[in-house]
Amino acid sequence: MPLELRDSVTRTMMINGVEHKVENGLAKISDLQFWDSNPRIYSKLEQERKDGTITKDLIYKKMISFKDYEPLKNQIKNDGGTHEALIVCLNPVNNEYTVYEGNTRLAIAIQLFENDEPPQERPKWSEILVNVLPDGTDEKVINRLIGTMQLTGRIDWRKFEESSYLYRQVK
């Protein structure tokens with residue numbers, strides 16, 4: 001079933017010189033899954049990957065442990081929301097809508113919704129702005145997009161994580 005979006009519009013996103021139609025709108029945070037191959041946490045989930053015990057809650061706990069988490073959370077909280085849409089696509093492995101770009105922002109929205117905000121403020125954090133790539137988007141296209149975005153100016157990955165990501169792409 002397609003991801004339900006509120007206030008959706010179709011937009012164009014260029015990836016490696018190819019035009020892709022994306023749906024832009026507000027998705028419920030409960031409908032989104034973290035990307036378990038996110039380079040920021042990939043090595044931190046090694047044992048759980050072997051055991052098959054990776055959960056959304058586990059990834060959430062890993063995401064909120066980074067030193068850059070609190071400053072970004074404070075910025076988003078002060079701004080009243082995120083400025084940039086998360087990149088989401090249907091994951092063919094688990095058939096769930098996975099956040100390929102913006103996992104930290106998803107963790108922040110979850111925390112603000114579940115823990116930090118007064119109850120009357122929580123509904124505004126139940127949704128988050130997303131760009132949904134078409135179902136069936138090739139994994140190589142997603143990896144190209146994420147690699148380009150992360151390796152050219154987002155929060156720095158640790159060198160080990162960056163090298164590990166590049167290794168997996170070549171492999």
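E70 is partly exposed in this predicted model, at 37% relative accessibility. Its salt-bridge partner is K73, with 3.6 Å from N to O, and K73 is buried, with a relative accessible area of 8%. This pair belongs to a set of 8 salt bridges in the structure.

**Salt bridges within helices**

- E70 and K73 both lie in helix 3 (residues 69-79); they are 3 residues apart, so about one helical turn separates them.
- K73 counts as buried because its relative accessible area of 8% falls under the 20% cut-off.
- D57 and K61 are 4 residues apart in helix 2, which means a separation of about one helical turn.
- D57 is partly exposed at 42% relative accessibility, and K61 is partly exposed at 48%.

- R6 and E127 form a salt bridge, with 2.5 Å between the closest N and O atoms.
- This pair links distant parts of the chain: R6 belongs to strand 1 (residues 6-15) and E127 to strand 6, 121 residues apart.
- R6 has a relative accessibility of 41% and counts as partly exposed.
- E127 also counts as partly exposed, at 21% relative accessibility; the cut-off for buried is under 20%.
- Salt bridges link R6, D7 and E127 in a network.

**Strand 4 and its partners**

- Strand 4 is mostly covered, with 6 of its 6 residues buried.
- Strand 4 runs parallel to strand 6 (residues 127-132), and 3 bridges join the two.
- Strand 4 runs antiparallel to strand 5, and 5 bridges join these two.
- V88 stands opposite V132 in strand 6 and opposite V99 in strand 5.
- Strands 4 and 5 form a hairpin with 4 residues between them, and N95 in the turn has a positive phi of about 60°.

**The largest pocket**

- The largest pocket holds about 640 Å³ of space.
- Its lining comprises 26 residues, of which W35, D36, S37, N91 and Y100 lie nearest the centre.
- Elements that each supply at least two lining residues include strand 4 (86-91), strand 5 (96-101) and helix 2 (56-63).
- Strand 3 (33-34), helix 5 (139-151) and helix 6 (159-170) also each supply at least two residues of this lining.
- By class, the lining has 11 nonpolar, 10 polar and 5 charged residues.

Methods
Residues numbered from 1 in each chain as written. Predicted model: local features only at pLDDT ≥ 70, side-chain atom pairs only at ≥ 80, totals over all residues. Heavy atoms only, no water. 1 Å grid on protein atoms, 1.4 Å probe; cavity = no way out; pocket = protein on both sides within 12 Å on 5 of 7 lines; lining within 4 Å. Points joined across faces, edges and corners; volume = space filled by probe spheres on them. Nonpolar A, V, L, I, M, F, W, Y, C, P; charged D, E, K, R; others polar. Buried < 20%, exposed > 50% of the residue type's maximum accessible area, 1.4 Å probe, protein only. Pairing = 2+ DSSP bridges. Salt bridge = Lys/Arg side-chain N within 4 Å of Asp/Glu carboxyl O.
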